[in-house]
Amino acid sequence: MKILICISNVPDTTTKIRFVNDNTAFDTNGVQWIINPWDELALTRALELKETTGGAIEKVTVINVGTKDTEPTLRKALAIGADDAIRVNTEPKDAFFVAYHISEAVKNEGYDMIIAGIDSSDYNGAAVGGMLAEFLGVPSVSSVSSIDVEGDNVSLKREIDGGSEVIGTQLPFVAIIQKGVAIEPRIPSMRGIMMARKKPLNVVEPVEADALTEFVSYELPQAKAACKMVDPENVKELINLLHTEAKVI
Amino acid sequence: MNFEFTEEQLMIRQAARDFAQRELINDVIERDYKAKFPANHVKTMSELGFMGMMIDPKYDGGGMDTVSYVLAMEEISKIDSSVSVIMSVNNSLVCYTIERFGTEEQKEKYLKPLARGDKIGAFLLSEPESGSDATMQRIIAEDKGDFYLVNGIKNWITSANSGSIYILFAQTHPKKKHRGINAFIVEKDTPGISLGPHEDKMGMRSSDTHSVMFTDVKVPKENRLGEDGLGFKIAMKALEAGRLGIAAQALGIAAGALERSIQYSKERKAFGTEIANHQAIAFKIADMAVKVENARNLCLKAAWLKDNKKPFALASSMAKLYAADIAMEVTTEAVQIHGGYGYVKEYHVERLMREAKLTQIYEGTSEIQKIVISRVLLKD
C-alpha cells in the first residue's frame, strides 16, 4: 500500500498576523513556516502504520503545492520519516487550484491512501481533500479521527453527532483527518535529518489551471477591549455600563 | 561573514526546542525538587540522536557540526540543565575523547553504545584535593604488565551512577608529574569500584553526582587511551571541547531566564500598567538581551572555529567565562523582575539561577578561564 500525505506550508501558529498592500496580502516578513499541524498528525499516523503493519505500507510520500520556499517544510517531513516528497512548483492560489494540481501530479502514481488535513491553519478553507477525491474519482471520508490498516483492509473512525462510526472503504481513497488520528507529532531525529539529505524531493512543473476564487481583502479581528472592573456594591453602575457601553441589555 | 544558519541547523534547533518545551518542561520542577534522574528523557534524547550528536555516523553518531550542538544545548538548557549536563558530558567529554584518542577496537566497543545513547558516559578527572589543578592526580594506576591496578578516589562525578562507561584519569608515573598521567576507559561494573552517596546539590539536582572509589581495580592494558603518559593532554583537549558545551548551557540558562522575564513583564501589572512599561524593568530587559546575544555570538564563534578545524581553545574559554558570568547576572535580574513569584519554584527562574551558579564552577571555574585566556594573550 502506498500512502500520500498532502502537506500545507503554513505560518507557525504563534505568528503575529499582519497584512500589507491595503490589506490584500499577508505579510510574510519574519514568519516561521511549519507543516500544517493536521498534516503533521497525518504523517505521524502514516509512519506509525508503516512501522506496525509489517510491510503492508510500501512507502509514504508527502506532496505540497508551492514555490521553492516551501522545501524546508518538505525536508522536515522527510526528516520525520517520509520516504520521498513531491513539490508542484507554483504559488498555491485557492483550494480548487491546489487540489487540481495534486490530482494531476499523482493520478498515475498508484497511491492507495491519500490523507489530507481537515483544513490548513492559515486559510481554513477545508476544501482540498474533498475536491482532490472528486478529481481523482475516488471515495472520500471526512472528519476521520482514527485510521487502522489490516492487510488491504482499512477502517476509518469518524466523529458524528453524539458518537462515532467506523467506515470501511475501497482503495484508493482520500481520508480527511482531524483531531485524534495521532496524539503528538514526531520530532525529527539527527539520523532522520541526516537521511533527509539523500531522500528524493521531486519537483513537478504546474499544469494549466485557474483559481476559481480570489482574495479581495483581509481584516484582523477587533482587538480585545480592556476589562472594566465594577465594584460588587455598585450594581447600578454595572447595569448602566451593560446598557450604554456593552449594549447587551 | 555569514550569520545565517543552514536549514539543517535550524531543523536541529527546532527539534531540541520541541523536545524541551513538550517533554522536559512537564516534570522539570518535580525532578529538580526530588533529585530524580531523567531516565525517560535520556531515552528520548538517545532516540533523537542528541547523545552523540557530533560523532561520525560510522560510529553510530549524528554526524552534526558543533554549531548545531550549541543550538541544541541552548534550547535544552533554557528548560532543564540537569538534562543538558548529561548530554554535554556524554557528547563533548566522553564521546569526543574516545573518537579523538581511542583505537578502532575502543571505538567499536565503547564509542558506539555511547553515541547511540544506549550507555551513558562519565568523566573522572576531579579529586577531593584536585579540582582546578588537574596536574595533581593522587589516584594511582600502577602498571602491572597485563593490566593497571587502580587505587584512589574521584570526586564530583556527573552521571557516576547513571553512567556505565567511565573515562578515568590516574597517575602512573608520579615522578613525571602531569606527564605521568594516563587516561583509561573503565566499565563501572569492574570489581573494586564503589560509589559515594548521592551529592545533594544546590542546582541541576536531577543529574546524579557522586564520588567514585577505586580499590584494587584491574583495568586491562588495552583500555588505556593514547600513548603512555598522554593522559593530561587528553584531559585538556577534552575540556577544551567540554567547555564549549557548558558555555552553550550557560547561554541557554540566561536565554531561558530572559524569555521568561519578557513574558512575565508583559503580563504582570503594577501601578496601573504592565511592568514592561516601567523603564526600570524595560531597561533590565534590554541589558539582559545584550548580554545573552553577546554570549550567543561567543559560543557560535567558538563552534564555528572548531567546525572549521581552527584553534578554538581561546574562543571556548572566552565563551565559557562570559556565558557563565552573565548567566548568573541575567538569572538574578530575572528573579528580581518576577519579584516574589521569582522566589518560588513555580516560575522557574529561581531554578535557573541555581543552575547558573554551577556553570561558573564546573569544567574550569571562571577564574581558571581567566588564567587560560590571559596566558594565551600574554605569552611572548
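Predicted model: local features only at pLDDT ≥ 70, side-chain atom pairs only at ≥ 80, totals over all residues.

Visitor: Okay, which residues touch the most other members of the largest nonpolar core?

Guide: Ile5(A), Met113(A), Ile147(A), Phe50(B), Met53(B) and Phe123(B), out of 136 residues in that core. Its largest share, 18 residues, comes from helix α6 (residues 231-267) of chain B.

Visitor: What is Phe50(B) in contact with, leaving aside neighbours within four places in sequence?

Guide: Met190(A) on the other chain, plus a set in chain B including Ile12(B), Ala72(B), Met87(B) and Asn91(B). There's also a second, separate core of 19 residues, with Val98(A) and Tyr111(A) among them.

Visitor: Switching to charges: how many salt bridges over all chains?

Guide: 43. One of them joins Arg186(A) and Glu51(A) at 2.8 Å, N to O. Arg186(A) sits in the loop between β12 and α5 of chain A and Glu51(A) in helix α1, so the pair ties together parts 135 residues apart in sequence.

Visitor: And Lys154(B), buried or exposed?

Guide: Buried, because its relative accessible area is 0%, under the 20% cut-off. Lys154(B) forms a salt bridge with Glu127(B), with the closest N and O atoms 3.0 Å apart. Glu127(B) counts as buried too, at 4%.

Visitor: Last one: which residues form the nonpolar patch on the surface?

Guide: Val235(A), Ile239(A), Val248(A) and Ile249(A), with about 380 Å² of accessible area together. Ile239(A) is in helix α6 of chain A and is partly exposed at 45%.

How values were computed:
Residues numbered from 1 in each chain as written. Chains lettered and ligands numbered in written order. Heavy atoms only, no water. Patch = residues over 30% accessible without salt bridge, like charges linked within 9 Å, V, L, I, M, F, W, Y side chains within 5 Å. Areas by Shrake-Rupley, 256 points an atom, 1.4 Å probe, with all protein chains shown as cover. Salt bridge = Lys/Arg side-chain N within 4 Å of Asp/Glu carboxyl O. Helix = DSSP H or I, 4+ residues; strand = E, 2+ residues; numbered from the N terminus. Buried < 20%, exposed > 50% of the residue type's maximum accessible area, 1.4 Å probe, protein only. Core = buried A, V, L, I, M, F, W, Y, C linked by side-chain atoms within 4.5 Å. Contact = heavy atoms within 4.5 Å.
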